[in-house]
Amino acid sequence: MTARSTAVAAVDLGASSGRVVRGVVTGGAVHVEEVHRFANGPVHQGGSLRWDVRGLHREVLEGLRLAGEVSSIGIDSWAVDYGLLDASGELLADPFCYRDSRTEGVTPAEGLYEVNGLQFQPFNTMFQLRAESLLPQASQFLLIPDLISYWLTGERGAEYTNATTTGLIDVRTGQWSPELTRGLTALLPPLHHPGDPAGTWNGVPVTAVGSHDTASAVVAVPASHDRFAYISCGTWSLVGVELPSPVLTEESRAANFTNEGGVDGTIRYLRNVMGLWLLQECLRTWNARLEPLLREAATASGAVFDPNDPVFLPPGDMPARIERWCGKSMSQPEVVRSILDSLALAHRDAVEDAQRLSGKEVEVVHVVGGGSQNELLCQLTADACGLPVVAGPAEATALGNVLVQARAVGAAHGTLTDLRALVRRSQPLRRYEPR
């Protein structure tokens with residue numbers, strides 16, 4: 001590592017909030033400081049759920065102002081959602097939210113998995129595009145972080161890790177699939193990879209990072225060896241292992257595992273689990289605080305349900321849906337305990353399936369993201385998996401974003417192993433042993 005101190009700005013856009021983080025790499029450590037946080041969430045427009053992406057852009061500009069002097073800017077966000085530009089480069093309409101109902105009932109075509117390697121999700125971009133009425137008017141397609149980058153720099157591109165979530169990339173070649181993009185080729189921007197230059201904003205380089213937030217989060221998994229599973233736990237739980245190549249077997253497809261692109265040519269072999277969205281929606285319905293409910297949930301008994309049932313995907317009265325699924329009325333602490341028990345078991349199933357399907361042995365489970373601060377969930381996950389859980393960092397996405405930028409500007413060096421060592425030396429971690 002170099003001794004000098006280098007600061008970069010990480011723009012991290014989540015489905016419930018966004019923030020701009022100032023990251024500093026100096027010596028053998030990396031630190032992040034949140035300089036601006038802002039609310040985000042889908043808005044109802046004419047019967048549809050959409051994103052106020054222009055509002056996000058305004059907040060990003062304010063965050064970059066507050067970040068001060070930096071050597072680089074990197075942008076990550078949630079996956080699959082996109083904006084369409086017209087011939088003059090203007091946004092045709094606010095992007096749809098993946099929770100919008102327009103893709104209900106879609107089914108995958110035969111043979112898709114052996115090309116794109118993706119877990120079937122009805123909201124994957126390729127299915128959203130099937131339902132897109134504005135395609136005839138569009139001249140360009142940009143995923144959310146690429147759209148924000150375009151508005152900053154005037155340059156258009158598609159960052160690889162996020163592009164792999166669209167269902168339009170051939171997972172074996174890492175390029176847009178001619179077979180799957182038939183009729184869309186003119187809309188697709190050129191691909192670039194984490195660490196590539198993506199333009200400049202006010203003279204500051206914008207650097208491509210793992211622009212799918214999970215890709216950035218996995219960079220910051222503080223693993224000391226490769227025999228680990230990860231759970232990037234926030235609105236979604238992304239549960240899987242890191243591999244050098246995809247697993248495209250019929251057994252893998254039937255188990256609903258996905259092969260998404262990672263930083264440095266890795267494959268994020270994982271399953272999407274519904275995640276803390278369930279808890280967030282319950283708290284919103286109850287207008288309640290989490291901490292007191294977690295204390296009561298620690299000794300409560302709940303029921304187990306399938307968190308991946310599509311009934312839980314839309315916003316709304318989540319407690320009522322959970323009670324209907326379980327067939328009984330429950331107190332608030334019992335609903336919370338039901339969610340956490342069900343997530344822990346879903347985490348276990350995904351970790352066990354990832355090992356079986358990939359042949360990769362797992363000795364420890366790393367929980368990163370906001371869910372790493374939920375002590376009860378971490379302990380229940382360790383208990384269910386029968387493996388130690390290392391929790392933290394909570395700021396994994398921002399840290400991964402920062403580290404890829406730092407390496408691009410020469411403030412950090414080496415492989416993912418080297419970058420992860422920086423995280424271990426810099427961030428507080430907590431270990432949970434299975435009971």
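**View 1. R420 pairs with E242.** R420 counts as buried because its relative accessibility is 5% (buried means under 20% relative accessible area, exposed over 50%, partly exposed in between, with a 1.4 Å probe and protein chains only). This is a predicted model, where local features need pLDDT of at least 70, side-chain atom pairs count only at pLDDT 80 or more, and totals for chains, interfaces and linings use all residues. Residues are numbered from 1 along each chain as its sequence is written, and side-chain values use heavy atoms, leaving out hydrogens and water. The side chains of R420 and E242 form a salt bridge at 2.8 Å, N to O (a side-chain nitrogen of Lys or Arg within 4 Å of a carboxyl oxygen of Asp or Glu). R420 sits in helix α14 (residues 416-426) and E242 in strand β16 (residues 237-243), 178 residues apart. Helices (H or I, at least four residues) and strands (E, at least two) are DSSP runs, numbered from the N terminus. E242 is buried too, at 13% relative accessibility.

**View 2. E132 meets R102 in a salt bridge.** The N to O distance is 3.6 Å. E132 lies in the loop between α3 (125-130) and β8 (140-143), and R102 in the loop between β7 (82-85) and α2 (113-116), so the pair ties together parts 30 residues apart in sequence. Both E132 and R102 are buried.

**View 3. R253 and E250 pair within helix α7 (residues 250-254).** Their salt bridge spans 2.5 Å, N to O. The two are three residues apart, about one helical turn. R253 is partly exposed, with a relative accessible area of 39%.

**View 4. Helix α9 crosses helix α11.** The axes of α9 (residues 290-297) and α11 (residues 332-358) come within 8 Å and cross at roughly 80 degrees. Axes are lines fitted to C-alpha atoms, for helices over the stretch in contact, with angles from 0 to 180 degrees between N-to-C directions. That makes α9 roughly perpendicular to α11 (65 to 115 degrees; under 35 is roughly parallel, over 145 roughly antiparallel, the rest oblique). L293, L294, E296 and A297 of α9 contact Q332, P333, V336, R337 and L340 of α11 (heavy atoms within 4.5 Å).

**View 5. Helix α8 (residues 277-286) is mostly covered.** Seven of its 10 residues are buried, among them W277 and W286. The cover over these buried residues includes α9, α10 (318-326) and α11. Just after α8, N287 takes a positive phi of about 55 degrees.
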